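I opened this entry to record what I looked up, starting with the contact between the chains.

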Amino acid sequence: MAAVRVEAMLAAAEEQEAEKRRSITVEKELELEYDLGNLLATDRNPPPAAALRGAGPRREALLQALARDNTQLLVSQLWELPAERAGGAGGPLVAQLPEPTFPLPREKPPPKPRPPTRWEQFARLKGIRRKKKTSLVWDEQAKEWRRRWGYRRAGGDPSRAWLAEVPAGADPEEDQFARLRREKRERVARNELNRLRNLARAHRAGSAVPAAPLHPTGHQDRDELRRVARVARVSTASLGRFQPRLPKEPAEPPSRSGGKKRRFEPLLGNLAAERSRQLELLRDMGSKKPVLDITRAVNKQLRQEEAEAAAANKGKKQSKRGKRGRRQQRPG
Amino acid sequence: MRPLTEAETRAVFEKLGKYIGENIQLLVDRPDGTYCFRLHRDRVYYLSEKLLKLAASVPRDSLVAPGTCFGKFTKSQKFRLSVTALDFLAPYAKYKVWVKPGSEQSFLYGNHVLKSGLGRITENTAQYQGVVVYSM
């Protein structure tokens, strides 16, 4: 008895072990291709035929099983990566993923080329090309090849220059060293200013709204035409102040803040004009009311039918109908 | 205080039109004086030109109510008509309902007017029509 029970227990344990192992071992004809850097596993095995055709619970079950198997394989691969405990002994186990190999497409659009600077435009216009300069220059005094600029440059250290000749035609009292320093400072400042200007120009050019065609094409919608009409009105020498309005254009003063701040009519403005505007608005609103009142039409039709029916039954039960008819028709 | 914008005027006239129909032009264009609508702190007031000129010289914070309040604009810009407009709407109302003396109190406390409490009603009143309620 005891032996039988022990055997049964061992068999059950064996069964459980086999079950567990079955759930984590997956058989595949072709090995999967792994890109663990992207957590990607590619399965090149042809899927079972039943999974391809038609929709149904059987297909769903097959696809789910396929997904489970592949995920199992991927996770097994992840477990084989070198791992360590993050944040000391008690922290979570962290695997170190290798570099991703699968090339993912671009997330954002490629950067637009910057617009040419003022010098670049001028150079292109004149046809000036860049002269390739050597990085080292022969320095006569030091008798060796020195850099063109930078540390130990060819012209000698400018801060240790002990002689500054007074140029012909200059003021003899003027401090030449101070002049040199001042001119350098001005050059640097001008350079910096131009650099910032070029940067601003590039930034502005990047965010500028593309101009809509200002001539009427056949297929512009109402908002576009309104915008174009506004641009056309403002493109006069007085910026549209004396421009007559089109017949149905609303009389709106041009907003100097570009529409950010709400502007209202003056409190005590032309009251007669306000009145006429309101009357016109009422007229527009009134004209859109439906001419046919459905309920009234239906009631009228019903009453007509009743009258006809009454006329048809005139010959029969006249007296009785008259009394009852009159009593029914009173609260009307 | 400021005049109403076009959208606000449209909303007010639509609401008023539900009660007095096309008689709004009698409110806008009066033979005995120039009256106008003005907005003060989201409430719409109806006042004469003379009163408007007086109210214009009161500082905005101290001004409580110029003219008669017709209603107010809610936070989501819907126009809610107020009972203080009744004096102006009643003479021009298109559809009137008279309530019997017995149901008058009930109506004033917010209950519906039952058919037994209905004294008279303008004929051809459609369903959901805006009406002015009178006592008998």
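**Interface.** I began with the contact (heavy atoms within 4.5 Å), which takes 15 residues from chain A and 23 residues from chain B. Between them, chain A and chain B bury about 1,900 Å², with 70% of it on carbon and sulfur atoms. Buried area here is the accessible area (1.4 Å probe) that two parts lose on being put together, summed over both. I then looked for salt bridges, meaning a side-chain nitrogen of Lys or Arg within 4 Å of a carboxyl oxygen of Asp or Glu. The rule finds 2 of them across the interface of chain A and chain B. I looked up the pair A:Glu274 and B:Arg38, whose side chains meet in a salt bridge at 2.9 Å, N to O.

**Basis.** I note that this is a predicted model, in which local features need pLDDT of at least 70 and side-chain atom pairs count only at pLDDT 80 or more, while totals for chains, interfaces and linings use all residues. Residues are numbered from 1 along each chain as its sequence is written, chains are lettered from A and ligands numbered from 1 in the order in which they are written, and side-chain values use heavy atoms, with hydrogens and water left out.

**Chain B.** I read 5 helices and 8 strands in chain B; these are DSSP runs numbered from the N terminus, helices being H or I of at least four residues and strands E of at least two. The pattern along the sequence of chain B is β-α-α-β-β-α-β-β-α-β-α-β-β. Of its 136 residues, 35% count as buried, where buried is under 20% relative accessible area, exposed over 50%, and partly exposed in between (1.4 Å probe, protein chains only).

**Cores.** I took a nonpolar core as a set of buried Ala, Val, Leu, Ile, Met, Phe, Trp, Tyr and Cys residues joined through side-chain atoms within 4.5 Å. The largest has 20 residues, and B:Val12, B:Phe13, B:Phe37 and B:Val44 have the most contacts inside it. At least two residues of this core come from each of α6 (271-287) of chain A and α1 (6-20), α2 (24-28), β2 (35-40), β3 (43-48) and β4 (68-73) of chain B. The most is given by α1(B), with 4 residues. I checked B:Phe13: leaving aside neighbours within four places in sequence, its contacts include A:Leu281, A:Met285, B:Ile24 and B:Phe37.

**Sheet.** I found an open sheet of 3 strands in chain B, in the order β7-β6-β8 with mixed pairing; strands pair if DSSP finds at least two bridges between them. The edge strands of chain B are β7 (118-121) and β8 (132-135), each pairing on one side only. Strand β6 (residues 96-99) of chain B is joined to β7(B) by 3 bridges, and the two run antiparallel. B:Trp98 stands opposite B:Arg120 in β7(B).

**Charged pairs.** A:Arg179 and A:Glu183 form one, with the closest N and O atoms 3.5 Å apart. These two are separated by about one helical turn because they are 4 residues apart in helix α4 (residues 176-207) of chain A. A:Arg179 is buried at 17% relative accessible area, whereas A:Glu183 is partly exposed at 30%. In chain B, the closest N and O atoms of B:Arg2 and B:Glu8 are 3.1 Å apart in a salt bridge, and both residues are buried.
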